[in-house]
Amino acid sequence: MLKTTVAGSLPKPSWLAEPEKLWAPWKLEGEELWQGQCDAALIWIKTQEDAGIDIVSDGEQFRKHFVHGFLEFVDGIDWAKMTTMGIRDNRYDADVPTVTAKISRRESAHGKSTAFCREHANGGLKITMPGPMTICDTIADEVYGKRADMAWAFAEILNEEALELQALGVDVIQFDEPAFNVFLDDVKEWGVACLNRAFQGITTKKAVHICYGYGIDANNQWKETLGNEWRQYEETFPALNDSVVDQVSLECAGSHVPHSLMSLLKDKEVMVGSIDVANLNVETPEQVAEVIRSAMRYVDAERIYPCTNCGLAPFPRHVAEGKLKALAAGAAIVRKELGAA
Ligand code: ZN
């Protein structure tokens with residue numbers, strides 16, 4: 001009960017890429033890069049397991065960015081044609097590649113790295129990929145015309161990848177959809193349908209992560225415009241409760257999300273964000289326990305998976321390590337209270 005897990009990303013070691021920076025370029029190349037990524041993943045699998053995290057991730061050590069790490073293996077995308085685009089409803093500008101032909105999966109994106117992690121992780125292993133809507137909000141389109149159509153095409157190739165990763169024995173397949181907190185009508189009109197398509201035929205745990213973004217300045221400023229109560233989830237959770245996903249990962253710690261919104265996910269497991277990604281302070285185990293207890297007012301403990309609000313990639317390594325330990329220790333406190341230690 002109260003098995004702990006992470007949203008996904010963790011800091012890159014300084015010898016692999018510049019720390020505390022998103023989209024940082026690699027410091028190695030070729031075979032050396034692959035070896036360095038494997039070493040970094042090993043460090044984080046061990047660190048997560050030592051901290052007491054039950055379902056670990058590769059910390060996204062094999063990808064530069066959570067979206068483009070998949071897109072690099074997709075044909076139909078012109079990486080020389082970079083377009084500056086306002087993403088997440090113009091919250092910030094990013095240089096993104098352009099879709100210039102119908103897309104297809106050239107080769108496996110995460111198969112090799114996932115097989116490596118499966119070999120070394122002792123317990124649960126989660127693999128994360130960008131969701132169809134979030135991909136379409138992070139790439140320019142010259143082919144499909146309608147975002148919903150391009151998202152469906154991505155859902156089909158994400159599904160090919162997901163089926164391959166399932167066969168490798170991962171325990172959780174998660175799609176990251178921060179765009180679900182931005183385009184609320186689109187989520188209901190086609191976002192959840194595309195998510196269902198991406199999960200077609202998947203029998204391992206199916207998860208979706210919906211957050212308010214990394215703790216970077218542009219996101220922190222956006223959050224200040226959202227008012228005292230962040231009710232975006234209220235719009236989308238009913239549709240998600242009707243979807244094929246098993247688990248929904250949401251942001252709770254240190255945010256203005258009313259915890260009562262979790263009651264809209266009555267048929268799902270809930271990954272309760274109990275670690276804040278917007279500040280450098282490492283939570284105490286008791287603070288984590290308090291978030292979990294609050295969630296238990298709306299979700300049975302059997303359906304709760306304490307988690308981080310979002311990825312920890314932008315943090316200094318010791319902060320991320322501290323937060324992982326606090327997460328596991330906080331869950332242990334509540335487990336003990338429930339007599340399930
Ligand atoms: Zn996130």
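Modeller: Let me begin with helix 5, residues 147-167, where the 21 residues at 1.5 Å a residue should span 30 Å, and because the end C-alpha atoms are 30 Å apart, the two values agree. The expected span is 1.5 Å times one less than the number of residues in a helix, and helices here are DSSP runs of H or I with at least four residues, while strands are runs of E with at least two, both numbered from the N terminus. This is a predicted model, in which local features need pLDDT of at least 70 and side-chain atom pairs count only at pLDDT 80 or more, whereas totals for chains, interfaces and linings use all residues. Residues are numbered from 1 along each chain as its sequence is written.

Within helix 5, the buried residues are Met 150, Ala 151, Ala 153, Phe 154, Ala 155, Ile 157, Leu 158, Glu 161, Ala 162 and Leu 165. A residue is called buried if 20 or more other C-beta atoms lie within 10 Å of its own, exposed if 12 or fewer do, and partly exposed in between, with C-beta atoms placed from the backbone. After helix 5 comes Gly 169, whose phi is positive, near 95°.

Phe 154 deserves attention, since leaving aside residues up to four places away in sequence, Phe 154 touches Ile 103, Pro 132, Ile 135 and Cys 136; two residues are in contact if their C-beta atoms, placed from the backbone, lie within 7 Å. Phe 154 also belongs to the largest nonpolar core, which has 100 residues, and together with Val 248, Val 270, Val 272 and Ile 292 it touches the most other members. Helix 5 gives the largest share of this core, nine residues. A nonpolar core is a set of buried Ala, Val, Leu, Ile, Met, Phe, Trp, Tyr and Cys residues joined through C-beta atoms within 7 Å. In soluble globular proteins, nonpolar side chains tend to be buried together.

Buried residues make up 47% of its 341 residues, and of the contacts between residues at least 6 apart in sequence, 77% join residues at least 24 apart. A compact globule of 341 residues would have a radius of gyration near 20 Å, and the chain, with 19 Å, agrees; this radius is taken over C-alpha atoms, and the globule rule is 2.2 Å times the number of residues to the power 0.38.

Asp 89 lies in the loop between strand 2 (74-87) and strand 3 (92-105), and is exposed because 11 other C-beta atoms lie within 10 Å. Phi of Asp 89 is near 60°, a positive value in a residue other than glycine. Asn 90 is in the loop between strand 2 and strand 3, has a positive phi of about 65° although it is not a glycine, and counts as exposed with 9 C-beta neighbours inside 10 Å. Leu 42, in helix 1, counts as partly exposed with 16 C-beta neighbours inside 10 Å, and its C-alpha atom is separated by 9.2 Å from that of Phe 116, 74 residues apart along the chain.
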